Amino acid sequence: MKIKRLEALLPIVGVAGLLAIWSLTTWRQWVDPVLLPSPILTFKAMWAGMHGALGFDFVKTVYRTAAATVIASVIAIPLGILLGASEKIYRSLEFVIDFFRSTPASAMFPVFLVLFGVGDETKISVAAFGAALVILFNVAYGVMNARKTRLLAAKVMGASRLRVLFDVMLLESLPQTFVGLRNGISLALVVIVVAEMFIGSQDGLGHSVFEAQQLFEMPRMYAAIFAAGVLGYGLNLLFMLIERRFVHWSGK
């Protein structure tokens, strides 16, 4: 029991180490305190900000990231299943998929700005574009690598092709689908924050970081950065918990 408790505390070691190094750096003034405020000042700014403007910006970023991920999932998951179920279709589109998946999503900003103008539509659509390609690739890969023994058993038992697709292939692909969803939502968050910083945004965590930097309010800037980090970690953790709840049979 003691060993398990100690193992549960292991993640805290890294956080404590980071805070210790940060505190020592500011205390010894190895970095100008104006440029790197202490952890106490930063977390005070974060606490105060979450009850005001920073909290509003946090919610706006959550909304944009969630919207982009939902749009990407609705488009990419069915297409991924279709492509993964037919190797010929996938091979014929493989170059196009890999080409756009390898293209940085931020490089598509000018195209979407022309199409949608400056607004939430551009931010969400670019993030959805990048996330969709990641999810699509992972879903297709998961379907293509469904366990052959289970597929063969279903066919021998007389299951129709449609039932094999949904009852076997789809379930077999779920672990890889969740990998795609976790990577997709992380990418969507990155794109949204960058868009909020540079594409005429009046709110969001990216806007908060950029505005604080311009006004040289360093504690508020670091507070916004940490809020974005907490959001990214929280979203990834949420998808991991959902995966453990609904894909508990993975690997069995």
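**Ground rules.** Residues are numbered from 1 along each chain as its sequence is written, and side-chain values use heavy atoms, with hydrogens and water left out. In this predicted model, local features need pLDDT of at least 70 and side-chain atom pairs count only at pLDDT 80 or more, while totals for chains, interfaces and linings use all residues.

**Entry 1: H2 and H3.** I looked up how helix H2 (residues 10-28) meets helix H3 (residues 39-50), and found an angle of about 110° with the axes 9 Å apart. (Helices are DSSP runs of H or I, at least four residues, numbered from the N terminus; axes are lines fitted to C-alpha atoms over the stretch in contact, and angles run from 0 to 180 degrees between N-to-C directions.) That makes the two helices roughly perpendicular (65 to 115 degrees). From H2 I noted Leu-19, Trp-22, Ser-23 and Thr-26, and from H3 Pro-39, Thr-42 and Phe-43, as the residues in contact (heavy atoms within 4.5 Å).

**Entry 2: Ala-68.** Next I visited Ala-68, which sits in helix H4. Is Ala-68 buried or exposed? I found Ala-68 buried, with a relative accessible area of 0% (buried is under 20%, exposed over 50%, partly exposed in between, with a 1.4 Å probe and protein chains only). Leaving aside residues up to four places away in sequence, Ala-68 touches Ile-124, Ala-127, Ala-128 and Ala-188. I also noted Ser-125, 57 residues from Ala-68 along the chain, with 6.6 Å between their C-alpha atoms.

Terms used. Parallel < 35°, antiparallel > 145°, perpendicular 65-115°, else oblique.
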